[in-house]
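Please consider the structure shown below.

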Amino acid sequence: MVSGSVQQSPFMSDFLQKCGGYVVVDGGFATELERHGADLNDPLWSAKCLVTSPHLVRKVHLDYIDAGANIILTAATIQGFEAKGYSTEEAEGLLRRSVEIACEARDIYYDRCTKDSCDFIDNGSASRRPVLVAASVGSYGAYLADGSEYSGNYGDAVSLKTLKDFHRRRVQILANSGADLIAFETIPNKLEAKAYAELLEEEGINIPAWFSFNSKDGINVVSGDSVLECASIADSGKQVVAVGINCTAPRFIHGLILSVRKVTNKPVIIYPNSGETYDANRKEWVVSSNLNLFPSNRYIQFVAVS
């Protein structure tokens with residue numbers, strides 16, 4: 001038994017059982033949009049396409065489902081839209097729309113299963129493959145668009161209250177958007193993990209969530225905070241059904257799984273990057289001087305919960 005672990009929700013364990021013991025989550029969203037011709041040179045990044053090319057957003061979701069994904073993630077941020085001049089009402093509507101488009105893609109897949117053959121076997125009989133829609137919540141640093149989600153350095157002026165106030169409305173909307181769960185992704189420091197955990201409790205959020213951290217050394221999250229301490233915060237949340245690592249070089253993943261396992265027996269979710277390093281000044285990924293095990297992984301990213 002893991003010390004301090006709270007009683008687990010059956011949500012993820014039941015889903016894992018339906019999927020055969022592990023699930024595959026979709027991969028890099030922006031790279032796929034760019035492959036289809038989208039220009040993402042914009043602070044909104046992939047969320048820009050919710051306005052300019054919603055059909056491409058739906059297509060990428062559906063492509064990942066067709067490729068075998070069990071979980072598809074949305075991409076949008078209220079604050080990003082507001083910074084671009086959209087009203088609060090417009091920004092909140094686009095946030096909800098991001099979930100709706102993902103659900104539409106899933107419905108298209110389910111409709112195909114009804115009309116055509118299915119690709120999933122359950123208890124010896126053909127069935128449609130289970131698919132969840134996860135509403136993505138990026139870090140405060142992602143909104144700043146200065147690369148600080150890869151450093152976790154928000155400065156002394158950013159407090160726990162600052163982060164809770166920043167994320168509160170988005171979490172409220174996504175909890176009632178029709179998504180199956182909320183994915184708190186690329187968490188760069190302990191303070192933001194604590195903010196998320198307290199928000200889930202304060203707002204009485206009743207849908208499941210996962211916490212996923214990023215690391216650049218295989219021991220700590222990118223801010224230098226201990227992975228063990230961060231994972232312990234995630235483990236303490238009653239609504240948190242999985243804990244894991246994303247946007248991290250593949251060579252660190254095995255050790256990080258072992259570290260997370262020391263403080264939680266909740267399912268572990270892993271979705272690494274290509275092993276490259278993000279250059280905040282150039283706003284692009286550059287080849288790392290260290291060993292890169294999967295040089296094209298960002299384009300064919302597989303994510304498994306186990």
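Predicted model: local features only at pLDDT ≥ 70, side-chain atom pairs only at ≥ 80, totals over all residues.

Residues are numbered from 1 along each chain as its sequence is written, and side-chain values use heavy atoms, with hydrogens and water left out.

Two packed helices are described by the angle between their axes and the distance between the axes. Helix α9 (residues 190-202) packs against helix α10 (residues 227-236) at an angle of about 5 degrees, and their axes are 9 Å apart. The two helices are therefore roughly parallel (angles under 35 degrees count as such). In this contact (heavy atoms within 4.5 Å), Lys190, Ala193, Lys194 and Ala197 of α9 meet Glu229, Cys230 and Ile233 of α10. Four of the contact residues are nonpolar, none is polar and three are charged.

With a relative accessibility of 10%, Lys164 counts as buried (under 20% relative accessible area, 1.4 Å probe, protein chains only). Beyond its neighbours within four places in sequence, Lys164 contacts Ala195, Glu198, Leu199 and Glu202.

Most residues other than glycine have a negative phi. Thr186, in strand β6 (residues 181-187), is not a glycine, yet has a positive phi of about 50 degrees. Thr186 is buried, at 15% relative accessible area. Cys247 lies in the loop between β8 (240-246) and α11 (253-261); although not a glycine, Cys247 has a positive phi of about 50 degrees. Cys247 is buried, with a relative accessible area of 16%.

How values were computed: Axes fitted to C-alpha atoms, helices over the stretch in contact; angles between N-to-C directions. Helix = DSSP H or I, 4+ residues; strand = E, 2+ residues; numbered from the N terminus. Parallel < 35°, antiparallel > 145°, perpendicular 65-115°, else oblique. Nonpolar A, V, L, I, M, F, W, Y, C, P; charged D, E, K, R; others polar. Buried < 20%, exposed > 50% of the residue type's maximum accessible area, 1.4 Å probe, protein only.
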